[in-house]
Amino acid sequence: MKGLLCWALAGLQPLLSAALTIAEINGNRYISSYNGKTVNDVTGLVTAKSSAGIYIRSTTPDDDEATSESIYVFSSTIGESVDVGDIITLDSAKVSEYRSSNTYMYLTELTNPRGITVVSSNNPVTPLVIGKDTLSPPTEQFTSLDGGDIYSVPNAQHNISAVNPVLKPAQYGLDFWESLTGELVTVKAPTALKIPSNYRDTWVIGDWKVTGKNDAGSLTMSAKDSNPETILIGSPLDSTKNPTTTKLGDALDDITGILTNAYGFYTILPLTAIKIKSPSRLTPPATNLLSSGSCNGLTVGTYNVENLAPTSAHMPKVASQIVTYLKSPDLLFIQEVQDDTGANDDGVVSANKTLATLISAIKSAGGPTYDYVTIEPVNDEDGGQPGGNIRTAYLYNPSLLSLKNPNPGSSTDANEVIVDAETGLPGLKFNPGRVDPLNAAWKATRKPLVAEWIAKDGKKPFFTVNVHMTSKGGGSSVHGDVRPPINGGVAKRTQQAEITAKFISQILQADPAARVIAAGDFNEFAFVKPLTTFAEVSGLKELDEALNTPVENRYTYSYDMNAQALDHMYISPALASSKSKFQHIHVSSWVTASAVVSDHDPSVALFDVCGSADSNKRVHKL
């Protein structure tokens, strides 16, 4: 970067003064050492204009990769008197650090510019090509203050603005983007990583080195790698509108714009709207995991159906996906089932109508006639959309399996593992039942729904735990000031994981050969403490891990720059065999915004749940 600028601006040397350069004003840290001070005789080349100011580039670049050569001049009127390509001098301006939230990063800018002189006009304005004229973005670490892991616990141990570390743009992603703030840059051969936000902002990668690239062309996060090499494309400076039809894997035209920090993220404000060069031709395939119609090939699915009520517009689409893409699993864990009146906070808690409507829609779409299992929550106690009373539920094919000795608990009954005195095998006090529902850890959260099943031709029951843990609401941006970032709800999820895991461990303590499946929306990543604790305490193993699914293809959700897995299946050792299969069905991640049915991708697994006569023998302490 510095060499290019030095060469491009060499002919401008007679115009220079001995005043502070832009690089000196920015400095090699996040917060300028001149913050709050007035600087004089600042010279720069106008590279872009916005409705509230201009961007200028130093005409005397230095050789330090950590110092940005450009800066934003905040003024609603300055753009009226200058044009792109002008070299201007400001008699004076105040160095300021601005942010709109105390969890965001500061943006160094010049305010109150005085004495604006146009020195020359029609000078060439050449953007810096990221990865060619600049360093390439680092691919793993975000900052030196994260301890090597942005999800390390405890969160929020430092603030970048307080520590103000020296930038190391070759090593840390946020340092890299900070070292280019205010600069006019170009992203060559960009690829869209997901659908746009409601503001039409789109995450992309360019033609630089990346890690975690998945089968669809986006980047999947993994342990200690949440892809800092990605960049957000924000609102165009010319007031045009970015498209709403962009989707994962779309090839875009080169993007040129200003690198800045806005609303919690490093962002490029393009000179004009994004253009789709070549739409991705990927379409989500249906699962090829098909039920054998027997206990030796039972299909099990999980799907967060996103606030599903009887009158939901997406009800028939959910049903169609279950039949067409999931191939009507024999047993389906579902989350976010609302009560019969949806988001109306009218005291209704029953979801019988919601589930009956879904079952009818599935049958109409060509699927089986399912039955369902659920337990009504206490009104307004399980979180989610106010009034909706979301809960977990099971759909199951009654021709293939059934509950063993049905005995449902109430909303507040705590389920227990009961060991049979004769056989030594575990069973449930309530079937189905909820796990410790009065524990404070579950406040405003869905309680796990535990059930014991028997396949029609099976020799031994198996257990399931349907999970929907506390959301990540209240978290902070991975590009934010707080380090490590706040992983919203992590303390509650840790408690919830421990409670659920201890319950499951009692089943396996009584019978190490028990078949147990815990699945659903865990709202957490398998490599982060709540779920590493869950696996360790429960004795279960995450199914993707057990089957060695390539790390980059473990995703069920797209958020910010990352493809990620919030939805999981965990299995007991008895199910970790070569017969077990697992697939994520990307009906949400791979499509345009208008085609999204739920914000989660469903998953389907295939298991042998038959058990054997030998496995029914007493196995606990004799």
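What covers the buried residues of helix 5? The views below take this up, starting with the source of the model.

This is a predicted model, in which local features need pLDDT of at least 70, side-chain atom pairs count only at pLDDT 80 or more, and totals for chains, interfaces and linings use all residues. Residues are numbered from 1 along each chain as its sequence is written, and side-chain values use heavy atoms, with hydrogens and water left out.

**View 1. The cover over helix 5.** Strand 16 (298-308), strand 17 (331-337) and helix 6 are among the elements covering the buried residues of helix 5. Those buried residues are Met315, Val318, Ala319, Gln321, Ile322 and Val323 (buried means under 20% relative accessible area, with a 1.4 Å probe and protein chains only). Helices here are DSSP runs of H or I with at least four residues, and strands are E runs of at least two, numbered from the N terminus.

**View 2. Helix 5 meets helix 6.** Helix 5 (residues 315-324) and helix 6 (residues 352-364) pack at about 55 degrees, their axes 8 Å apart (axes are lines fitted to C-alpha atoms over the stretch in contact, and angles run from 0 to 180 degrees between N-to-C directions). On the helix 5 side, Met315, Val318, Ala319, Ile322 and Val323 make the meeting; their partners in helix 6 are Thr354, Thr357, Leu358, Ala361 and Ile362. Contact means heavy atoms within 4.5 Å.

**View 3. The largest nonpolar core.** This core has 40 residues, and Ile130, Trp177, Ile231, Leu259, Tyr266 and Ile268 have the most contacts inside it. A nonpolar core is a set of buried Ala, Val, Leu, Ile, Met, Phe, Trp, Tyr and Cys residues joined through side-chain atoms within 4.5 Å. Helix 4 (173-178) and strand 13 (255-262) are among the elements that each supply at least two of its residues.

Note on methods: Buried means under 20% relative accessible area, exposed over 50%, partly exposed in between (1.4 Å probe, protein chains only).
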